[in-house]
Amino acid sequence: MSSAALPPPPPPASGWAGLPHDVLWSAFTVLGQREILSGAGLACAAWWRFARDEPAMWRRIDLRASAPRDEDDDDDSSEWKAMTLAAVDRSAGQCEAFWGRADDEVLLYLADRTSYMKSLRVTSDYDVSSQVFAEVVKKFPMLEELELVLKPDAYNYGTKSGLPPTNSWVELFQSACEACSHLHNFTVRRASKVTRFDPYYLRERRRPFSIPVMHGLHSLELSDGSFTKDMVMQIVDKCPSLESLNISDVLAHTHGIKS
């Protein structure tokens with residue numbers, strides 16, 4: 001076929017849509033992922049394709065709010081979740097860090113779509129159950145950093161069904177230690193101060209407290225009232241490299257149950 005028969009090349013893109021790849025990458029990096037998902041990534045077809053088809057941009061997902069949210073503001077649950085799931089999809093299985101809001105559904109979605117997670121920082125105003133968490137962390141064996149900021153009444157003091165709570169910060173800690181031997185930093189704290197302790201778990205817990213030796217764990221914070229002195233001593237014995245330990249509201253006894 002002669003060159004005269006070939007169709008003419010498309011005209012070069014102009015304006016914002018014609019920005020070079022490296023310039024657009026820099027611009028999106030400055031804007032941040034929340035802005036990309038909610039506005040900038042919809043500016044034009046070229047920007048939308050770039051935001052959708054660059055998995056490396058979503059290798060570290062950071063959807064933390066820039067300012068504290070009012071406790072009475074529901075922030076449209078469907079909107080934040082849709083944004084989060086879209087970010088996970090765009091990572092195309094390459095996500096190594098996730099920082100943002102989550103519930104059981106989001107954590108399971110993330111666990112099904114990536115196996116390279118090294119840093120997980122979750123803030124939840126919704127139910128995050130011990131059972132789901134134990135399932136999720138099994139899929140993140142390379143996890144090095146884990147930070148959970150959980151709403152106390154959704155996590156420890158009841159369920160939407162009205163059944164007794166099945167969650168336990170003790171079980172959560174055990175699950176993480178058993179599944180993630182590479183943990184360096186581990187933090188679990190409540191989103192707000194709790195002045196009472198519900199001894200349900202210590203009365204009904206199904207398995208004794210035990211964790212494997214955690215040679216790599218350097219920093220541990222467990223801001224809760226579920227750990228006994230015996231448990232704390234076991235943690236100290238099994239984590240020989242600890243440099244920072246903060247376990248608040250340690251119980252003096254186990255309500256008749258041995259650790």
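Biologist: Is V149 buried or exposed, judged by its relative accessibility?

Modeller: Buried means under 20% relative accessible area, exposed over 50%, and partly exposed in between, with a 1.4 Å probe and protein chains only. V149 counts as buried because its relative accessibility is 12%. This is a predicted model, in which local features need pLDDT of at least 70 and side-chain atom pairs count only at pLDDT 80 or more, while totals for chains, interfaces and linings use all residues. Residues are numbered from 1 along each chain as its sequence is written, and side-chain values use heavy atoms, with hydrogens and water left out.

Biologist: In which strand is the place of V149?

Modeller: Strands (E, at least two residues) and helices (H or I, at least four) are DSSP runs, numbered from the N terminus. V149 lies in strand β4.

Biologist: How many bridges join β4 to β5?

Modeller: Two strands pair if DSSP finds at least two bridges between them. Here six bridges join β4 (residues 145–150) to β5 (residues 185–190), and the two run parallel. L146, for instance, has F186 of β5 as its bridge partner.

Biologist: In what order do the strands form the sheet?

Modeller: The open sheet has seven strands, ordered β1-β2-β3-β4-β5-β6-β7, with parallel pairing. β1 (60–62) and β7 (244–248) are the edge strands; each has a single partner, so one side of each lacks a neighbour in the sheet.

Biologist: Which residues touch the most other members of the largest nonpolar core?

Modeller: Nonpolar side chains tend to be buried together in soluble globular proteins. A nonpolar core is a set of buried Ala, Val, Leu, Ile, Met, Phe, Trp, Tyr and Cys residues joined through side-chain atoms within 4.5 Å. The largest one has 60 residues, and F98, F173, F186, F227 and I235 touch the most other members. Helix α8 (residues 169–179) supplies the largest share of this core, seven residues.

Biologist: At what angle do α6 and α8 pack?

Modeller: Helix α6 (residues 130–137) packs against α8 at about 10 degrees, the axes being 9 Å apart; axes are lines fitted to C-alpha atoms over the stretch in contact, and angles run from 0 to 180 degrees between N-to-C directions. Angles under 35 degrees count as roughly parallel, over 145 as roughly antiparallel, 65 to 115 as roughly perpendicular and the rest as oblique, so α6 is roughly parallel to α8. In contact (heavy atoms within 4.5 Å) are S130, F133, A134 and V137 of α6 with E171, L172, S175, A176 and A179 of α8.

Biologist: Why is α6 largely enclosed by the rest of the structure?

Modeller: Six of the eight residues of α6 are buried, so this helix is largely enclosed. Those buried residues are S130, V132, F133, A134, V136 and V137.
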